[in-house]
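I opened this model to go through its sheets, its cavities and its confidence scores. My notes follow in the order I looked things up.

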Amino acid sequence: MKSFELISIFPAGSVMVGGYSAAPAGMHGAHAVGRDGRPLIPATALRGALREALESVLRGIGQAVCSGGDGVDPEMSPRDGSTKPCTLDNGKSCPVCRLFGTQRATIESDERAFSALILGDAHLDENQSVHVLGRPGIAVRRNRRSVEDKALFVQRVSATPGARFVAKGLLLDTTLENLFRVALRATTHIGAGRSRGLARVNFEVRDLVEESPKASLGSATKIRIRATLLRPASIGVPVIHPNQLSETRREIPGAALRGAIGFALAAHLPNPNSDQAFQDLVHEKEGARFGFLYPVDVPGDSAMGPRPITAMQCKNHKTKHPIVDTLLDRLAIALLTDPQRIAEDKRIEACKHCKALLRAVGGSRSRFEDIPTRTITRAALDRTQSSTRNEMLYSQELLEAGTIFEGIIEHIPANSRQTLEEASNLPIYLGRGRSAGWGHAKIELLELPRGVDLKKRANAFHDACKKKFPWKDDRAKSLVSVTLQSPLICSDDDDGEKLLVDFLDAKQCVFKARRFSREGGWDQREKGMQGAMAVAAGAVFVLDVGRPWTEKSKQIQELENEGLGERRHQGYGRVLAFDPFHTKDADVRRESMKNEQEIDPFRKNLVLAAESVAEMLAATKIEKTQLNHLIAVCGEATCAEEIRNYVRYQAGRKVWPKDAADRVVLSMDGVLKNVASDNDALRVQAWRLYAVFLTRAFTYHRAA
Amino acid sequence: MGRDSQETAKRITDVLRRAGKHPWLVGYDINGIQELIAASSRPKIMHGASETIRKFDAAQAQSPLSIFAGGGRGYELVTSEDDAQKRVAQIPLDFRQATITGVVAAAAVPFDPKNHRMSRVWLDRKLDNAKDMAPRPGGMIPREKGEECEDCHALVAERNADDRADTRRTCARCNQFKDCVRDIRFRESLKEYGEARRLAVVSADGNNVGAFFRNLGSLQELAVASKAIAEIFVSAHLRAMGENKILAPITGGDDIRAFMAPSLVLGYVEKLVRGVEEGIQEKMGDVGAVLSAEARKSFSHIGIGIGVVVAGDHYPAARLLAHAHDLEKRAKTMCRGKDGVRSAFDFSILTSETTVGTQGMQGALSMEIAAWEKALHNARALKRNVPAAQRGLLVERFTSDSPEEFYNRFGYQVARSKKWQAWLDECRVEWYNPDKLREHLEKTRIDLIDLLPRGEQP
């Protein structure tokens, strides 16, 4: 395996790769730009150009190669639009397919990836900037040799004379390096306008030294994992309509995480098939369980996972009024028989703040903002004609770079910890399009957040039940609520109720709120597609165990540790008993809302304080990840002093320049002097906002 | 009292009499109706699904003590608890048989003849619970790509379509839906309802209808109001559709979904809104006598919220419907509160690279006659006066980091361009007044231009 940087240099003119970024009104196309607005060359365009050039060269010397991985040699058989796995090299893939990949569902046991070349988007050199300009064009009617009526078009492009775009890449099979270099030499243009002398490109390759492992798991068998997308990602949905829009999931299934780590290790280890630690790690029965990763706003939040089905939000003020949980209200409808009381219970359907109706709200419990996505449009090329294939335009939805996901890996075998640590420092690609660099994520292995222990959770739930129901006996104490933290796959005649009742030997299930979701999963080694109808994450069951719950506490603990149902190694079937969301989270959210309202008068000062430091900070060598760490520390801190202590510690370690650290602390002191010294919640809230503003301003100044 | 309402009220009174001394109220509500109808993007199957649901509702309405059934929802009385439990078990079975995969929630509560409203509220809440307790969807999930239904891609293909010209292997559900509309001719693909590879998808829903139904007391009121609302919306939709090539698979209750060419959108939306608002006025005389004063008041406030998405015709129907539905909900937020308007319209034009979502969009449009005409006038004037290449400047209002800088530049542009001035003069905006200029830009939805029919002379 070899890491490298591919530098694309555009000696003249401008480059235009469409289909990646939305064209502004008045324009008819736009060159690809990243989330920061800076131009880039999408990996798909780079790979397409390289592949096309290499195919031409090899055909020129009489080698049988297919066209774009369709398995058909156009020199030998006419194109009929059909595709098949490439077997042109004596029953094996042709050299171009080995380098760039071919269309197939599984890989052979001696292979480590679908494509030997992984190449990410090429980003404009951070020391360069380019001008944006409108490139006009006109469609010409060839038969009349005149201009088409109303066919003037304007494309928004970046003027790129001398611009350098840098892409990071990995060559998994170094025996193909010469072919890769041939492709680079043969490629002369990228994007549109080559007939007008535009889009001319030269390449340089620079080898990179791989980083050594840093993470340390100690003796933990259960850890929190954080994945920060460095590149857009496409996480496959279970039902795909061919040639249409390929959508992305909003969470990362355990199967995708397991697959990404498995592929990274398979490519990295000298002999993965006989590496016991690796085999133990990915063993289906005894190996680690790779949980679902859910998006988070603030890294480090202890409340990871999907919202329960019983969560609801105000219809009129979705973002302003708190999300509430309606489990107890719905339990009342199931258990009470007094219609008068039910009809009078306004809580069930109305927002407490404005009396508007409540509506169900899904998503992740630590993510309140929409998850940013981008839609790109691609066209399959007919390489024999160098033009787009008819009816082969398709769109793909991608999760934007920068999105952060968190989840849990548990049951890590003792001898595999080191291997998992190594994996976290390898390039990890989540979801589809690995060879185009999609889903490239930074992986952090962290300690588990401090959750509330089972007894406290149970007490809170039973206290809430006592308030809600007019029971005079201890009936509430025999109720156990179970919330699915990930989808559950069980037999067709069950929805999880039977499994739970059996596991806890419960008297009955008194309430359940659950829906069903299609689950996919792709076993690239053996099994191919693994479709299933699962009970959706967030389902809630309330069981009557027929005796005080404390007599079942062992089973409940075991249930939380072991989970339920099938495919647990892929994160399915994780459960939480007495989920605090049903009793406490709504209050927490309300508290946070109160703080948000209290913090409002300080927002402007916080922005100004952050802006005043950011320019100076951007001029230092500090890395942006340090600011992300600061956001994470602010997310976890319980008092402002903790954060100040962290900043000074980083200065002491010389990770932060001392001047910068002092100015950060000083600028915050200026704002916090107006906040009561005992109001820790508000002071921490101020730091959280400040850290976000500082990061934004830093990014701006660094880019400028 | 109008004749229609009189007859309905009389029928319900008779139902109440026949329901005996210990009646139970049974209700049903279909789960995921939109997903079921848009599971396949083929017009014939979508229409077949819609027709299957209509027939199912019609069958429930035949129940001797039916109150109302339509739009995938219904209420009926039964004479005993036993009968109620039987109906609660039977309704989901009937629906599953009709749709292969479909799920319907059913529930029952004891009916109090002295307090209809309380019984109905209890039933509605039990139905909410029942929706999350309903059985899993039916159908076989394919184990490999080769097994997939070639229409919906979600279930196992079972047999070739009966149609000899159609050689695809499709699932039992798609086959059943196709059989349901066997004799009706449909276009093969949704693409044929669009133009220039673009398709518009409409999602419309009654506005203030939920509040209106919450104000209803008796079952007579419920039956009369449900019937009236369904008739008003269907009639407004048919009027708006006219002879145009429009596919409208769902028109039940106050829900409307339709697929059409983008150039038909403005005409359809305007006629639909006026049809609903006028229909409410016309029906007021008929239903007014049955309704309480409070219910009459909220009936007169009923309007419609409409969301439209225009996108490439290669997007799956289900995704476009979901996005149009989000836009419809966004439009309806304009109708809330004391100053809310009665009907509103929101839309989004997706180019192939635009992200599907509502973030960063301009506000919805009021469908009050004066406001709507002004919005259209502004759009036409902009198209007439300002060349396309210059109009892009307006978009920078959303992309510029500094609004102050944008308005500074825009003011400069207006000051030196007669074309911009002509547009603003036609809109009667004092462009030399920065505050007025800013206010006008904030209210103008320039993307409305893209909905104006192509051939239309602005």
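**Entry 1: sheet in chain A.** I count two strands as paired if DSSP finds at least two bridges between them. The model is predicted. With that rule I looked up the strand order in chain A. I found an open sheet of 5 strands, ordered E4-E5-E8-E1-E9, with antiparallel pairing. Strand E4 (40-41) and strand E9 (202-207) of chain A are the edges, and each pairs on one side only.

E4(A) and strand E5 (residues 117-124) of chain A run antiparallel and are joined by 2 bridges. Ile41(A) has Ala122(A) in E5(A) as its bridge partner.

Next I asked which helices touch this sheet. Helix H3 (residues 177-186) of chain A packs on the sheet, with contacts to E1, E5, E8 and E9 of chain A. The direction of H3(A) makes about 150° with that of E9(A). Helix H1 (residues 43-60) of chain A lies across E1, E4, E5, E8 and E9 of chain A. H1(A) runs at about 120° to E5(A).

**Entry 2: sheet in chain B.** Here I found an open sheet of 4 strands in the order E2-E3-E1-E4, with antiparallel pairing. Its edge strands are E2 (66-70) and E4 (103-110) of chain B. Neighbouring strands are turned by 20° against each other on average, direction ignored.

I followed one pair in detail. Strand E1 (residues 24-31) of chain B pairs with E4(B) over 8 bridges, in the antiparallel sense. Within this pair, Leu25(B) has Val109(B) as its bridge partner.

Helix H5 (residues 116-131) of chain B packs on the sheet and touches E1, E3 and E4 of chain B. Its direction makes about 145° with that of E4(B). Helix H8 (residues 219-241) of chain B lies across E1, E2 and E3 of chain B, at about 25° to E2(B).

**Entry 3: cavities.** How many cavities of 30 Å³ or more does a search of the whole structure find? I got 5.

**Entry 4: confidence.** Chain A averages a pLDDT of 83, and 86% of the residues score at least 70. Over residues 585-591 of chain A the pLDDT is below 50. That stretch still has 14 contacts in the model beyond near neighbours in sequence. Where pLDDT is low, the predicted coordinates should not be read in detail.

Technical notes:
Residues are numbered from 1 along each chain as its sequence is written. Chains are lettered from A and ligands numbered from 1 in the order in which they are written. This is a predicted model: local features need pLDDT of at least 70, side-chain atom pairs count only at pLDDT 80 or more; totals for chains, interfaces and linings use all residues. Side-chain values use heavy atoms; hydrogens and water are left out. On a 1 Å grid over the protein atoms alone, a cavity is a set of points where a 1.4 Å probe fits but cannot get out, and a pocket is an open set with protein on both sides within 12 Å along at least five of seven lines; lining residues have an atom within 4 Å of a point. Grid points are joined across faces, edges and corners, and a volume is the space filled by probe spheres set on the points. pLDDT is the predictor's confidence in each residue, from 0 to 100. Contact means heavy atoms within 4.5 Å. Axes are lines fitted to C-alpha atoms, for helices over the stretch in contact, and angles run from 0 to 180 degrees between N-to-C directions.
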